[in-house]
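Please look through the sequence and the three-dimensional structure below before reading on.

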Amino acid sequence: MAHLLLKDVNKVYPNGFHAVHDFNLEIMDGEFICLVGSSGCGKSTTLRMIAGLEEISSGEFYIDGVLANQMSSRDRGIAMVFQSYALYPHLTVYENLAFGLMLEGIDADVIEEKVQATAKILGLTDYLERFPRQLSGGQCQRVAVGRALIRKVNVFLMDEPLSNLDAKQRVTMRSEIKQIHRGVGATTIYVTHDQTEAMTMSDRIVVMKLGVVQQVGTPFELYFYPRNLFVAGFIGEPPMNFLNGKVQGGRLVFDGEEGKTIDISHIANDVAALEGKEVVFAFRPEAVNLVKDGKEPEEGYTFTSKVELTELLGDNTNVYATVDGVNVILKINPHDTPERGSECVFNIPFKSAYLYDKETELAVETDIVRH
Ligand code: ADP
């Protein structure tokens, strides 16, 4: 296992492009960390710097307290699994697993032992004599993981390892990788653009945008306490809803034509400090409660929306509606699915309402406990 520390790490490519800005992160022994963000935000660059495949332009990278900036890739005790599994097509699963060890000149009986042990962990024992073309995508991916696993390493790096698999295989492999991690216990850094993958697998998630870390936290923290508008919109599916407005006379006045206003003292510690500011009121699709029979709850904010489209998904219905012309998505009980074109009144409890400063994009300070 290994403890990793990145201090003010930057990457400026030779063409002058600044791909990673002041990346700071301490990764504990055995932690499972996901780097998540849209394509091009610097996830792979960060991972490649950790692997020693890309030079660190400035800043420091430590492995177990030892400065590793100049350490060769081989000496870092790191194994990497890439998006393309790159198995040798003319070698069997056994030979693919054994290949690296054979190159290192390890005794055949030790190799045999290691291959069998690794195959057992990955459920590949019955497939050792097969060739890659005789395997499913998920099985190929397991062999690729196995090749990394078979070497004694302290750190696993995975760059979008599931993106070549279909949706069902991805879900299966997600839990398999988690199980392997639990069994092996190696510190793991996993890159993905898929927030669901990050949410389901990580101990902690690092959200990146344009080379800058936006927030680091547990899946729970990122979901319930997104610190800025980007994280709020990135984590969660369907995404968070945003309604724009301005604080006037101590109340939030929404931008829509109706000029609906609400008392934000429940969700902002210092309302006076917000006076005159443009803000974004936010809530998650599943946080809403439908108001039936006009019985408006005393607590929370109530809105009227026009239903544009409904999607019955079985366990819930996604309602695409508009609040004063602004699109929102509501996730409700399928038995309450409203008619298209009808009006739907919904309530957001105070603990599920968020407020962001539009200029800084940061969450407005509040003492609300969200769980
Ligand atoms: P991600 O993994 O999040 O998709 P990358 O780390 O691959 O993002 O890339 C981050 C940014 O750096 C992108 O804008 C990409 O175009 C740029 N980039 C990647 N490799 C190079 C390179 N060798 N030279 C210049 N720019 C690069």
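Predicted model: local features only at pLDDT ≥ 70, side-chain atom pairs only at ≥ 80, totals over all residues.

The partner of Asp 336 is Lys 292, and the two form a salt bridge whose closest N and O atoms are 3.2 Å apart. This pair links distant parts of the chain. Lys 292 belongs to the loop between β15 (289-290) and β16 (301-312), whereas Asp 336 belongs to the loop between β18 (326-332) and β19 (343-348), 44 residues apart. Lys 292 is also partly exposed, with a relative accessibility of 45%.

Side chains of opposite charge can pair when their charged atoms come close. How many salt bridges does the structure hold? The count is 9. One of them joins Lys 11 and Glu 54, with an N to O distance of 3.5 Å. Here, too, distant parts of the chain are linked, for Lys 11 lies in strand β1 (residues 4-12) and Glu 54 lies in the loop between α1 (43-51) and β4 (58-63), 43 residues apart. Lys 11 has a relative accessible area of 5% and is therefore buried, since buried means under 20%. Salt bridges with shared partners join Lys 11, Glu 54 and Arg 48 into one network.

A further salt bridge connects Lys 277 with Asp 357, whose closest N and O atoms are 3.4 Å apart. Lys 277 is in the loop between β13 (261-263) and β14 (278-283), and Asp 357 is in strand β20 (residues 353-357), 80 residues apart. Asp 357, by contrast, is buried, because its relative accessible area is 8%.

The next topic is the pockets. The largest pocket contains about 780 Å³ of space. Its lining consists of 26 residues, and those nearest the centre are Ala 79, Met 80, Arg 147, Ala 148 and Arg 151. Which elements each supply at least two residues of this lining? They are β6 (78-81), α2 (93-103) and α4 (137-150). The largest share, 6 residues, comes from α2. By class, the lining of the largest pocket has 17 nonpolar, 5 polar and 4 charged residues.

The second largest pocket has a volume of about 280 Å³. It is lined by 17 residues, with Glu 258, Thr 304, Val 323, Asp 324 and Gly 325 nearest its centre. Two or more residues of this lining come from each of β11 (241-248), β16 and β17 (317-323). Among these elements, β16 gives the most, with 4 residues. The lining of the second largest pocket divides into 5 nonpolar, 6 polar and 6 charged residues.

Leu 128 counts as buried because its relative accessibility is 6%. Which residues does Leu 128 touch, not counting those up to four places away in sequence? They are Thr 92, Val 93, Tyr 94, Leu 97, Val 115, Gln 116 and Ala 119. Leu 128 and Val 143 are 15 residues apart along the chain, and their C-alpha atoms are separated by 9.6 Å.

Notes. Residues numbered from 1 in each chain as written. Heavy atoms only, no water. Salt bridge = Lys/Arg side-chain N within 4 Å of Asp/Glu carboxyl O. Buried < 20%, exposed > 50% of the residue type's maximum accessible area, 1.4 Å probe, protein only. 1 Å grid on protein atoms, 1.4 Å probe; cavity = no way out; pocket = protein on both sides within 12 Å on 5 of 7 lines; lining within 4 Å. Points joined across faces, edges and corners; volume = space filled by probe spheres on them. Nonpolar A, V, L, I, M, F, W, Y, C, P; charged D, E, K, R; others polar. Contact = heavy atoms within 4.5 Å.
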